Amino acid sequence: MLVTRRLPDGILEAALSALPGVVLDVWQEDVPPPRSVLLERAAGAAAIVPMPSEQLDAPLLERCTALEVVATMGVGYDNVDVAALTRLGIPLGNTPGVVTNATADLAFALVLTVARRICEARAYVADGSWRSWHPSLLLGRELAGATFGVVGLGRIGRAVARRALGFDMVVLGTSRTGAPVPGVEVVDLPELLARSDVVSLHVPLGEATRHLIGEAELAAMRPGAILVNTARGAVVDAAALARALASGHLGGAGLDVTDPEPIRPDDPLLSIETCVVLPHVGSATVETRAAMAARVGENVAAGLAGRRLPYCVNPEVYGPAPPA
Ligand code: NAP
């Protein structure tokens with residue numbers, strides 16, 4: 001069984017204790033295994049546990065002749081060719097739900113950081129510039145009464161909406177299904193962009209959402225608005241975002257995810273003072289990472305025992321659902 005990073009101590013082992021024959025092949029480095037290593041070590045594995053940084057594409061998966069289950073360490077699975085896995089009859093597990101609060105907290109931390117210029121203020125103190133209190137020093141934006149737009153009212157989007165309501169904001173959201181969310185006005189994307197002072201992205205990355213926020217959508221945002229992305233980097237056209245920030249049309253951006261990851265050191269977004277970039281730490285709390293590892297363990301244990309995965313992305317591999 002190939003695990004492409006060290007997980008919190010003992011959690012995976014505990015989940016697999018009922019399957020004594022399983023040998024763990026854990027990549028020990030903190031950077032992803034090179035493609036050649038991934039190809040070689042995945043080829044004979046009965047289970048693969050990838051991180052969001054590992055691309056499991058069709059050519060790789062087709063070489064994995066012993067594969068019985070893939071259990072990704074995250075709720076997003078844009079790094080896995082799900083169609084190829086399904087064609088091969090292999091279930092894919094993910095970790096929904098347990099990442100919701102940590103990621104929603106981080107999204108709101110980015111909102112506050114950008115709106116209240118926390119990074120600039122910290123640098124101002126650290127470089128010795130602080131001389132006195134001044135009425136116009138580092139003025140930010142008030143959240144109470146401002147309009148907050150949630151793109152994608154799923155688990156994390158709804159949790160972020162609740163946080164915005166707690167800050168006395170007016171909350172809008174997009175939803176293809178239109179399911180009601182207490183306190184949230186469901187609108188379409190153009191209306192959300194036109195009315196929101198802060199826009200926060202919570203859709204999965206797929207063909208329909210790649211560059212969902214591009215040049216035209218950024219131009220349609222309110223002057224001075226803030227964009228926060230804790231979904232996936234490629235949901236936003238990064239070059240267009242850099243232009244919208246550099247021109248001053250947007251007031252700021254908070255990005256936990258970038259395209260590519262890691263962001264290149266010469267990316268223009270890194271030199272824009274109103275842009276805060278974090279290294280994909282949305283789910284990075286001690287509690288959440290332990291819960292994610294436990295969910296990975298549950299998925300792997302079920303897959304290797306020939307049972308249905310408790311958190312399965314492609315249940316089609318089990319055939320048609322029984323009649324209700
Ligand atoms: P979720 O519950 O599945 O919510 C995603 C929402 O996006 C759904 O409510 C769906 O709403 C909407 N959506 C799906 N496909 C869409 C499409 N093609 N166009 C427009 N809207 C679409 O997922 P979640 O648990 O909230 O996670 C959301 C994403 O956050 C994940 O996919 C992952 O990429 C990202 N994430 C990032 C971190 C991090 O560390 N930064 C951590 C966890 C998750 P409707 O069906 O109602 O339209």
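Q: How far apart do the C-alpha centres of domain 1 and domain 2 lie?
A: They lie 31 Å apart. This is a predicted model: local features need pLDDT of at least 70, side-chain atom pairs count only at pLDDT 80 or more, and totals for chains, interfaces and linings use all residues. Residues are numbered from 1 along each chain as its sequence is written, and side-chain values use heavy atoms, with hydrogens and water left out.

Q: Which residues belong to each domain?
A: Domain 1 is 2-97 + 285-318. Domain 2 is 100-277. The bounds come from an automatic or database domain assignment.

Q: How much area do domain 1 and domain 2 bury between them?
A: About 540 Å², with 51% of it on carbon and sulfur atoms. Buried area is the accessible area (1.4 Å probe) that two parts lose on being put together, summed over both.

Q: Which residues in domain 1 lose the most area to domain 2?
A: Val75, Asp78 and Gly97. Together they make up 63% of what that side buries.

Q: What does Arg232 form a salt bridge with?
A: Asp78, with the closest N and O atoms 2.9 Å apart. A salt bridge here is a side-chain nitrogen of Lys or Arg within 4 Å of a carboxyl oxygen of Asp or Glu. The rule finds one across the interface of domain 1 and domain 2.

Q: Switching to the ligand, how far is an oxygen atom of it from the side chain of Arg232?
A: It is 3.4 Å from an N or O atom there. A polar side-chain atom of Ser175 lies 2.8 Å from a ligand oxygen atom.

Note on methods
Polar contact = N/O pair within 3.5 Å; in protein donor to acceptor, adjacent residues only side chain to side chain.
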